[in-house]
Amino acid sequence: MNLTFLARLGIGKQNSGAFDGAWRKTRGGTLTVRSPIDGRSIGSVQLADAKDYAAVSQRAHATFLRWRELPAPQRGEFVRRIGNAFREHKEDLGRLVTLEAGKIVQEGLGEAQECIDIADFAVGLSRQLYGLTIASERPQHHMRETWHPLGTVGIVTAFNFPIAVWAWNSMLALVCGDACLWKPSLKTPLCAIAMTKIAALVLGKEWAPLVGLCIGPDLSVGSALLDDPRVPLVSATGSTRMGRIVGPRVAQRFGRTLLELGGNNAIAVMDDADLDLAVRAIVFGAVGTAGQRCTTTRRLLVHHKVADALQKRLVKAYAQCSIGNPMDKGTLVGPLVDEAAAKAFDHAVATAVQQGGKVVCGGKRAKVPRTLQGGAYVEPTIVRCDECIPIVKEETFAPILYVLPVRSLDEAIARNNDVPQGLSSAIFTRDVRAAERFLSATGSDCGIANVNIGTSGAEIGGAFGGEKETGGGRESGSDSWKAYMRRQTSTVNYGASLPLAQGIQFGAD
Ligand code: NAD
């Protein structure tokens, strides 16, 4: 594999795991980074410990105190230049994502593009951090609501979007006047180092501590972040298991969290659906990123009249999905992130069968050339479940699609909602009534609900996130920026008397 792009991104054989404006000499152990493609070492990172964390947090906070005074459009100008730097490095970043997370190059490039897109969005936003004026009930008073910078935003990221999730958070946080402190997944530390280097170069010596980075274990660095009173917001993306720890722990100190957790996303296909469209969306949703997206399609709720026909077409399409090296152009399915993920896949397939599911295709480890045997490759899998079996309600981070026939739109909606998670959902139908019902208050209970497109591949312009065990957070577009600021309500009296609200007379005759 040609890895010359690593040097262009500033990645060496050995790398420091903490950045506080300068790369620190860290004190944690050495982490060997392995590519999921073939299990080979691609570098090492000297991990940070709790003392390194404290230094990074202190520098970030000190820099925040000055950054918040810079007018937002000037902060936006820095973000504009960071976005341009992402543009310059797009190809290399896409390849790094492929190398370290294992997704195919097209998806790696797509992830790099998302970083560019959110930077552009944030630049526009830097001139639109609007507040409100509110009619006061008192004469010669006015009320307004303004948004102020919040402080340092702690950003905890999952392995499967190793650059985009940080960009979604940090580009908004920077224009909002905040500093950032990133604790990435230990599975994808090189992506974090590359992104930090790009942003820090643009920010220059004065502002570089705004993109603090601390790569270290959850128990030391992770815990230090969760308990840090200088971090008013922790934006954490990952499993529901992680969210159950992070949410209460940050709340304990009255910090805020923005949680983006697991999904268990369904596509409903009605009997009038355009099946050509549905097949393409289902295959991309279920097989893309080897089933390792939070928005991956995991359940197919298909009208019983078209269930067999659709299943047949899916099996045919799955047979054409080439599994192999994600760096190769023709590959559609790369490896899972590691052997533990492949074991979870094996376990889920076995459990599904035990519970009464029938493997229609896939279900096994994939055969790959000897050069890739250090990676964990599995076959995209379809499991038919004529009854809803318990495993269907769990998120297994692998390409397993459960096919569940339904008899009506009502049943499809009920089944869609009958899982603990609430991230993404979709319906395929030509019937406007069915489509609108699916999007209505009595329809899908997910944060994302689509019509005639799949569950994955969201654009950055909309607010992204989900309900129930997905955590309730919203990031990226729309008004998600409000999570990164503090709201202030002000009343100004420009008269010469002091009328009280609610008409209260206090001490008057
Ligand atoms: P994970 O929960 O294992 O890890 C996510 C991050 O949380 C990592 O940085 C990890 O080090 C950190 N973490 C875990 N426990 C912690 C603790 N006790 N204290 C501090 N930090 C802790 O998840 P993963 O395997 O990296 O990613 C896959 C999961 O992420 C899936 O469940 C997927 O659905 C979810 N995900 C959700 C979204 C979303 O937007 N909803 C996006 C991407 C991934």
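Strand 3 and strand 4 (residues 41–46) are paired in the antiparallel sense over five bridges, where strands, like helices, are DSSP runs numbered from the N terminus (E, at least two residues, for strands; H or I, at least four, for helices), and two strands count as paired if DSSP finds at least two bridges between them. Within this pairing, Leu31 stands opposite Val45 in strand 4. The model is a predicted one, in which local features need pLDDT of at least 70 and side-chain atom pairs count only at pLDDT 80 or more, while totals for chains, interfaces and linings use all residues. Residues are numbered from 1 along each chain as its sequence is written, and side-chain values use heavy atoms, with hydrogens and water left out.

The two strands belong to an open sheet of three strands with the order 1-4-3 and mixed pairing. Its edges are formed by strand 1 (14–16) and strand 3 (30–34), each of which pairs on one side only. Neighbouring strands of this sheet are turned by 30 degrees against each other on average, direction ignored; the axes are lines fitted to C-alpha atoms, for helices over the stretch in contact, and angles run from 0 to 180 degrees between N-to-C directions. Helix 7 (residues 189–207) lies across strand 1, strand 3 and strand 4, and runs at about 70 degrees to strand 4, contact here meaning heavy atoms within 4.5 Å.

In strand 10 (residues 233–237), five of its five residues are buried, that is, under 20% relative accessible area, as against over 50% for exposed and in between for partly exposed (1.4 Å probe, protein chains only). Leu233, Ser235 and Thr237 are buried on one side, and Val234 and Ala236 are buried on the other, so that both faces are covered. Strand 7 (residues 152–156) runs parallel to strand 10 and is joined to it by four bridges, with Gly154 opposite Val234. Strand 11 (residues 256–260) also runs parallel to strand 10, through five bridges, and here Leu233 stands opposite Arg256.

Charged side chains provide another set of links, and the structure holds 32 salt bridges, each defined as a side-chain nitrogen of Lys or Arg within 4 Å of a carboxyl oxygen of Asp or Glu. One of them joins Asp52 and Arg24 at 3.3 Å, N to O. Because Asp52 lies in helix 2 (residues 50–67) and Arg24 in the loop between strand 2 (18–19) and strand 3, the pair ties together parts that are 28 residues apart in sequence.

Arg293 forms a salt bridge with Glu107, the closest N and O atoms being 3.3 Å apart. Since Arg293 lies in the loop between helix 10 (275–287) and strand 13 (297–303), and Glu107 in helix 5 (residues 105–125), this pair ties together parts that are 186 residues apart in sequence. Arg293 and Glu107 are both buried. In the salt bridge of Arg365 with Asp346, the closest N and O atoms are 2.7 Å apart; Arg365 counts as partly exposed at 33% relative accessibility, and Asp346 counts as partly exposed at 29%.
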